[in-house]
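I opened a new notebook page for a structure that I had not seen before.

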Amino acid sequence: MTLFDAELESRLTRYAAIDSQSDAASASGPSTEIQWTILRLLAVELTQIGAADVRLTDYGTVLATIPGTAPGPTIGFLAHVDTAPQFNATGVRPRVIRGYNGGDISFPDAPGLTLSPVEFPYLAGKQGHDIITASGTTLLGADDKAGVAIIMTAARHLLENPHIPHGPIRIAFTPDEEIGRGVDKRLPADLGADFAYTFDGGAVGEVEFESFSADGAVVTVRGVSIHPGFAAGKMVNAITLASKIIAALPQATMTPETTSDREGFIHATDMTGGSSDMTLHFILRDFERDGLAQKGEILRRVCDAVQAGEPRAEITCTITPQYRNMRYWLETDMTPVELARRACAQIGVEPVSVPIRGGTDGSRLTEMGVPCPNLFTGMQNIHGPMEWVSVQDMAQATQLCLALVKEASTGAVPA
Ligand SMILES: [Zn+2]
């Protein structure tokens, strides 16, 4: 049992049981009403532990301050309260496997499901840890309630121990990260941090400062609709043309299922419509600006070619920027990354920086002027029924947070 185990376990299981799933199809912000429940709860709890300036903004972000006890830069810590829309998140029943024995983990509500240390080697290294999972029919939501629990626990500790030297700390709990809408345009100014960190990473040691660069694309296909009995030489079926577009894209070399490491992709996320009209959605991802632009160009050319082959149809392709690799900004000043690495070393953890094949709130925030790398929480197998997190991994993340603010205050970081 380390200092923070019991508190982290109780916070995570409590927060995880609150449904706060986001919904990309909703136009409101936050995207779902239910997210307000946990946002309001966190505002109350921050007030109870003695945080200052606690505020729940109308864009659904909880903000708070831990006043500085020593000179130092103002550091922000962020976690998102929403859970992924990709899997059932209603009725989460977290349970704790105390002193994990290293064997297979079964689930009370899904007899066929097994979480195996052979299949997931990271789990094999967690013998003796307290492992939290859901019950088998839902995700757990450690993504990112582990981050919320870690920040709340560190905040409570710092507020109770004002002799620990640290500069001003700002806390932000955001909604809708999973649908790419976590960072409101007002957040950088409201946060008021010199730099920040998201606690939204996985394995112990992760200090991430590279994310994908991301665009979204919408392709529409308008065919020519006519009664099929009189269609000879007249009908243009939009489904046929949409299928041609999909088939002409580099399916064997540039999709999520055929790429890894530093490779980007074009991913068709959905295709709806009928013979008269079709709408196709894509996400384009690459670590480099050129690579991303090239993927947009491929999609455009395919649309142009299919259009040229059927002039009676009307095909449009609209590409919209989503977020950019935070490395573009962080590599000009690696101070926040170096600080996190030094803090890792202080708690005896080897820092690892692997490019994130996705984005975080930090990607947007960095682009908007607040450098924001991503730190580990311990969460594993996210967005599905086998999601789990070790309490002791979360405790190390909490120690990292404390080491980091101390290091920033006493270290050679310019204020
Ligand atoms: Zn997350």
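The entries below follow the order in which I looked things up.

**Ground rules.** I noted that the model is predicted, so local features need pLDDT of at least 70 and side-chain atom pairs count only at pLDDT 80 or more, while totals for chains, interfaces and linings use all residues. Residues are numbered from 1 along each chain as its sequence is written, and side-chain values use heavy atoms, with hydrogens and water left out.

**Metal site.** For reference, the ideal angle for four tetrahedral donors is 109.5 degrees.

Asp143 in helix α4 (residues 142-160) and Asp200 in strand β9 (residues 195-201) are 57 residues apart, and the pair links distant parts of the chain. Helices (H or I, at least four residues) and strands (E, at least two) are DSSP runs, numbered from the N terminus. Are Asp143 and Asp200 buried or exposed? Both are buried, and I use that word for under 20% relative accessible area, with exposed for over 50% and partly exposed in between (1.4 Å probe, protein chains only).

**Cis bonds.** The peptide bond from Asp143 to Asp144 is cis, with omega near 10 degrees, and Asp144 lies in helix α4. I found another cis bond between Gly29 and Pro30, where omega is about -10 degrees. Pro30 sits in the loop between α1 (5-16) and α2 (35-48).

**Open sheet.** I traced a sheet of four strands in the order β12-β13-β11-β14, open and with antiparallel pairing. Its edge strands, β12 (265-273) and β14 (314-323), each pair on one side only. From one strand to the next, the twist averages 15 degrees. Two strands count as paired if DSSP finds at least two bridges between them. Strands β11 (residues 213-222) and β13 (residues 277-286) have ten bridges in the antiparallel sense, and Asp215 stands opposite Leu284 in β13.

Helix α6 (residues 238-248) lies across β11, β12, β13 and β14, at about 15 degrees to β13. Helix α7 (residues 289-309) also packs on the sheet and touches β11, β12, β13 and β14, its direction making about 155 degrees with that of β13. These angles run from 0 to 180 degrees between N-to-C directions, with axes fitted to C-alpha atoms, for helices over the stretch in contact.

**Hairpin.** Strands β5 (residues 105-107) and β6 (residues 110-115) run antiparallel and share three bridges. The hairpin between β5 and β6 passes through two residues. Phe107 has Ala110 in β6 as its bridge partner.

**Cores.** A nonpolar core is a set of buried Ala, Val, Leu, Ile, Met, Phe, Trp, Tyr and Cys residues joined through side-chain atoms within 4.5 Å. In the largest core, of 68 residues, those touching the most other members include Leu46, Phe77, Ile171 and Met394. Helix α11 gives the largest share of this core, eleven residues. Apart from it lies another core of 22 residues, among them Ala238, Ile266, Met278 and Val302.

**Ala403.** This residue lies in helix α11 (residues 391-410) and is buried, at a relative accessible area of 9%. Leaving aside neighbours within four places in sequence, Ala403 is in contact (heavy atoms within 4.5 Å) with Ala343, Gln346 and Ile347.

**Positive phi.** Asp53, in strand β1 (residues 52-56), has phi near 50 degrees, a positive value in a residue other than glycine. Asp53 is exposed, with a relative accessible area of 54%.
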